[in-house]
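Open your viewer and get ready to select residues by number. This tour goes stop by stop, and each stop says what to pick and what is there.

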Amino acid sequence: MNCDLLATCSALGYLEGDTYHKEADCLESVKDLIRYLRHEDDSRDVRQQLGAGQIVQNDLLPIIVQHGQDRTLFDACIRLMVNLTQPAMLCFGKVPDDAVFRHHFLQVTSHLQAYKEAFASERVFGILSEILYNLLQLDWEQRQEEDNLLIERILLLVRNVLHVPADPCEEKKVDDDASIHDRLLWAIHMSGFDDLVKFLASAQSEQQWSMHVLEIISLMFRDQTPEALVSAGQARSAEEKQRDSQELEALRQREHAARRSRTFQRGTRHSRFGGSFVVQGLKSIGDKDVIYHRNLHNFKNHTHDTGKAVRRVPKKNRQAQECKDKRRSALNVRLFLREFCVDFLENCYNRLMYLVKESLIREQTEQHDETYYLWAMSFFMAFNRGNGFRADLVSETMSIRAFHFIERNITNYYEMILTDRKEATSWSRRMHLALKAYQELLLTVNEMDRSQDETIRQSSSVIKSNIFYLMEYREIFLTLLRKYDETKQPHSYLKDLVESTHLFMRMLERFCKGRRNLMVQKKKVRRKRSRGEKKTPAPETTPEALAETWKVVEEELKTTGFQLSESLTESIVPFDATSEIPLEEQRTEAMVRVQDALLARLGPEALGLLRAAREVWPEGDVFGSADVETEEELELLKQILHANLPRSSPPEHVVEDEDDAAELEEEELETIQVSEKEFNFLDFIKRFANPSIVRPYLLLLKSYSKNTPHTNHCIARMLHRLAVDLKMDALLFQLSVFNLFNKILSDPAAAAYKELVTFAKYVLNHFFSLAAKNNKAYVELLFWKNVGAAREMTEGYTKDGEGKKPSWTEEEEEELRKLYEEHRDSEVPDIVETLLPLLSNGNRTRRQVVTQLVHMGLVDSAKELKKQKIGTRIVLWTEEQEQELEMLYEEYKDSDDVLGNILKKLTAKRSRARVVDKLLSMGLVSERRELYKKRSRNAQGKSSGKSSGKGMTEEEFLEGLTQEFPDDPVDRDEEEEEEDESDESEGEEEEDEEQERPKSQNRGRRSQSLNSSVEGRADVGSMVYALQQEGMSGPMLWLQNCLNRTAADREEDSLSQPVPLVPLTEANEDAMDNKSFRKLLRKLGMRAPANEQESFWRIPAKLSVSQLRSAAAALSPSEEEPKGDQEENGSTSPTREPQEEEEKEKEEEEVSGEQRAQALRALLLSRKKKHHTSERTAPVSDLPPVEDTDRTPERSQEKSSTKRRRRRLLDDDEDKEEDSAPAVDMETNADADSDTEDISAPVKRRRKMVLIDEEEDED
């Protein structure tokens, strides 16, 4: 020992008999030792020297026992012992690879084991318990910081001592004998320290020590199993006796078979006359047969490997080592621990686990502390199951949050096994702990199913419905089995994994049997490849393209009258305030931005930038003078468009490496799409029909003789599901599997494995029956097979040539080359679709033609021939195409389907939306309604006179007018958008035209259900009024906000998913329990909970944005109960702006009843002149247009403002009609005609539109 250390230790004092005499400098010597330990080297020399001097046994422990009243000295000794008992793994960081440092590591460990034996004393733990008890008696006001530090150090000291591993060489104890760890536990029990631990776990004021307490408890039960503690002090059950008798019977049969084989080995003659034999068919090293010189009874064990050197298995390929076996402690220790578990579960478990979980979530713990939480969950829940199951004792860890926490940790541990290969063994152990906890959760849920309490069974059903619904919990075992690696994960891990999978499958199968259709969540990951640095294609700057661009911009600016909106004006900033370039030097950049806006055909933005830049840089009139005219601004924009402005090149990213460039060029973007599908248990089992999943099962089956009967049953049940239920027995037709089956069948104790024997015979019988038909079956035994190969083996192989790509002859290649050269310069939208019908071989597919063109070098990449999206192929219209469109419109404008006929006859195929926009921009039609299909209305229950307008009252006419409304404009706009965004080929346009016919028939039925929709709205209005009278205005407002918020989310994300209506206040919860409120929810189309998987009402995914907003509008509060059609329809549009409502009221007051009658008569006369037939009603497109685009701008300001107000009013009416068009069917949610849509407009608005139109005609 070092001289300084020796002198310091001598200054502590000396032990005489059982009395310790401390020196005067004892306290300073303890502090010096703490200082020495702080400055020790990497070999931990100070620690080793103090351990060799037995300072803990001879000095420190006697000091705290006999001089514990000296608080300062006691505190210093505790500090020193906490440092000395620190685990060797923390001292060295890891088990050293170097031989010298490994020796130091083992020396430190041996000293720690000596310390642990010295601590196994009741006197030591008695003084620790006494000091800790006195400290815990202090209130928080009286407790000082030094007191808290001493409490923590005592807990750390006990934890360090319990953490010391046992010495396998010294402790060669049998079961039921007391080891050093058992003696330490008994000392803890006799001193009452275990009661203090339970107090710390349950006391609300001591929750800061929760993590220390959990560590101490986990180390106390380190060598124990829940089953051994449950059965401590109790008689063996019948099941245990039967299991033991089966094991003894198997051992007896094996011993009897070995004795018989030894009897047969003894020959009748002397061993010198055993003889020599020639083995025919088995070649030796040369070309001759093998000569065998031993007795024949040993020939079955003959192998050429006899005498060869055993090949050393590389370290990375060795099987993972098992953790040390559990041992059974002395009976008195087990009884004490059993009582501890019972008290802990009843008083401490739920609270302690809650505190630890919160600390883990908030990351207030040390690294890897979650392993203590996982161990406690699996251990105490297993003990609870065995000791008279009570669900309330483990309620804290029985939740979906617990499943999620464990699943997340399992995923994290697996990822760390792959990345941190040096510590793969440690990560594997943590993963095994998490798997054990997950298995225990499943076992507890399964135990809850058997409970006599109905509420517990319902809770179990809710938990199961959640874990079976989510894909992460369903497929976790599939993933773990597929990723099993025997070099990193031990055999015990595989055993627990197979048993957990068996339990999960059994629970899932039982859960599916009681339900016809089980809906589960499905996640689909879409991977998109995007270019890291995509360059936007530069716009064409040819004179023709610039002229076409200027024509479009000029027309757009003239249409707007050179007026810009306030939002556009406020959002435009012509300079970059954050740039380092001075403001004066950014003038050229502003000019370039104006030019870019013009090239992008954004006329208003370009004009706004020009005017904003004029205010920033007025000098020199670069952007025009302050009093510039509109014509001068137009000419200035034209000059900027055609100018050759200097552009600064963007900075190029320097790529150091080619690999980095490839990564920058292409990166994968993953999007997860969540949907629901109906679950099929048989389809789920098919996921296990994979060689990577079957191999772990067969690997575990190899140790069938050491496995428990339950483990063998789990293996046999899974293989039975694959071979019998799925008829995939060919997956097991493999030579190593048959070798294993041979061992099972020839085992002397085969009677103990009846299930395995039966299954092996079944598989072998099927193979030999197949081998009689398939002469390649024996060759197939050499390979593992997937589902496709197994099916081929049993059903027949594919013939030669099948599945191969058809080859191209020289004549076909030459034909393809000529056709491509002819049509390459033609302006066809898709050259491949043009070439396909011209080829002599009509069986060629598009992919084959594209592949051959790339192979022949005619095109560089298949991307050049990629199908263009419908609606985005052609953007610009040439003059010839515009003339053709105008001619087609003049030809078919009086037909029933104007747009359909135009689309069929157009030379350059375009989408429906493009053609409609062009017709509107050319002024051929004033609104989209004029392009809708026209059809006759069946006048049910009305005379021909009424249908033609004769003898009709004002109300009858207006009611008929609302029912003559054409097809739903919202539906048509959605169809156009779908065609615009579709990724399919051109052929879909023709399919859409073919599908339009049945759709038009369905729309014909919609007009018949308008009256019922109006009646449904009346019902909703009355129900809303009744609920308001009951005091449910708050829940109605909450429901309206939910509908509006869902509509906004769906409009923004373009995704529709069912949204639950979760009431968070008592008023909303009471409303959800109200029958009238739930009836209103059904009227609005909300969906009730389908089963126990759902707890809340949901907004269905099928409701569109407009339908949601219409339903929300129907919930607006009304001052008086709606009566009559007019009031009812007026109440369905509460979203009008107040100013517009005031304007409408003023106009209604100005128009007298006589003027109204005159306007109606004039409208009827004009209709009668246009149509002489009385059977057909006039289509809406015959109504006078609401918006006259050809009016001259020289009108007076008053008239134009009045006109704009009226036009805004009419536009608002049309928006209301479109919003209310796909309104929710108010009759019933499950009705067959639930998809019918209310497209009727309110009566007051209809009347006003007719009046305004009549006034415009008079003007």
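What follows is a walk through helices, charged pairs, loops and a surface patch. Keep in mind that this is a predicted model.

**Stop 1: helix 5**

Select residues 71-84, which make up helix 5. Helix 5 has 14 residues. From its first C-alpha to its last it reaches 20 Å, close to the 20 Å expected at 1.5 Å a residue. Is helix 5 largely enclosed, or largely open? Ten of its 14 residues are buried, so helix 5 is largely enclosed by the rest of the structure. Colour the buried ones: L73, F74, D75, A76, C77, I78, L80, M81, V82 and L84.

**Stop 2**

Now compare their surroundings. R71 is partly exposed, at 36% relative accessibility. D147 is buried, with a relative accessible area of 8%; the cut-off for buried is under 20%. Why can such side chains pair? Side chains of opposite charge can do so when their charged atoms come close.

**Stop 3**

The structure holds 31 salt bridges. R338 counts as buried at 13% relative accessibility. E339 is partly exposed, and its relative accessible area is 44%.

Next, select R401 and E358. Here too a salt bridge forms, and the closest N and O atoms are 4.0 Å apart. R401 lies in helix 18 (residues 400-419) and E358 in helix 16 (residues 349-361), so the pair ties together parts that are 43 residues apart in sequence. R401 is partly exposed at 46%. E358 counts as buried at 18% relative accessibility.

**Stop 4: a network and two loops**

Select E40, R44 and R47 together. Salt bridges that share partners join these three into one network. Zoom in on R44. R44 sits in the loop between helix 2 (26-38) and helix 3 (45-52). Look at its backbone: R44 has a positive phi of about 55 degrees, although it is not a glycine.

Move along to Q54. Q54 counts as partly exposed, at 38% relative accessibility.

**Stop 5: helix 24**

Select residues 543-560. This is helix 24, with 18 residues. Its reach from first C-alpha to last is 26 Å, close to the 26 Å expected at 1.5 Å a residue. Show the side chains of A545, L546, T549, W550, V553 and L557, which are buried. Turn the view until you look down the axis of helix 24. The buried residues fall within an arc of 130 degrees, so they line one face of the helix. What sits on the face turned away from the buried side? That face of helix 24 carries the exposed residues E544, K558 and T559.

**Stop 6: Q639 and Q595**

Pick Q639 in helix 28 (residues 630-642). Q639 counts as partly exposed, at 47% relative accessibility. How far apart are Q639 and Q595 in sequence and in space? They are 44 residues apart in sequence, and 9.5 Å apart in space, C-alpha to C-alpha.

**Stop 7: a nonpolar patch**

Show the surface and select L735, V779, L782 and F783. These residues make a nonpolar surface patch of about 390 Å². Pick out V779, which lies in helix 35 (residues 777-780). V779 is partly exposed, with a relative accessible area of 49%.

**Stop 8: helix 41 and its cap**

Finish at residues 898-905, which form helix 41. Buried here are V898, L899, G900, I902 and L903. Then step back to D897. D897 caps the N-terminal end of helix 41.

How values were computed
Residues numbered from 1 in each chain as written. Predicted model: local features only at pLDDT ≥ 70, side-chain atom pairs only at ≥ 80, totals over all residues. Heavy atoms only, no water. Patch = residues over 30% accessible without salt bridge, like charges linked within 9 Å, V, L, I, M, F, W, Y side chains within 5 Å. Areas by Shrake-Rupley, 256 points an atom, 1.4 Å probe, with all protein chains shown as cover. Salt bridge = Lys/Arg side-chain N within 4 Å of Asp/Glu carboxyl O. Helix = DSSP H or I, 4+ residues; strand = E, 2+ residues; numbered from the N terminus. Buried < 20%, exposed > 50% of the residue type's maximum accessible area, 1.4 Å probe, protein only. Polar contact = N/O pair within 3.5 Å; in protein donor to acceptor, adjacent residues only side chain to side chain. Expected span 1.5 Å × (residues − 1). Arc of directions from axis to C-beta.
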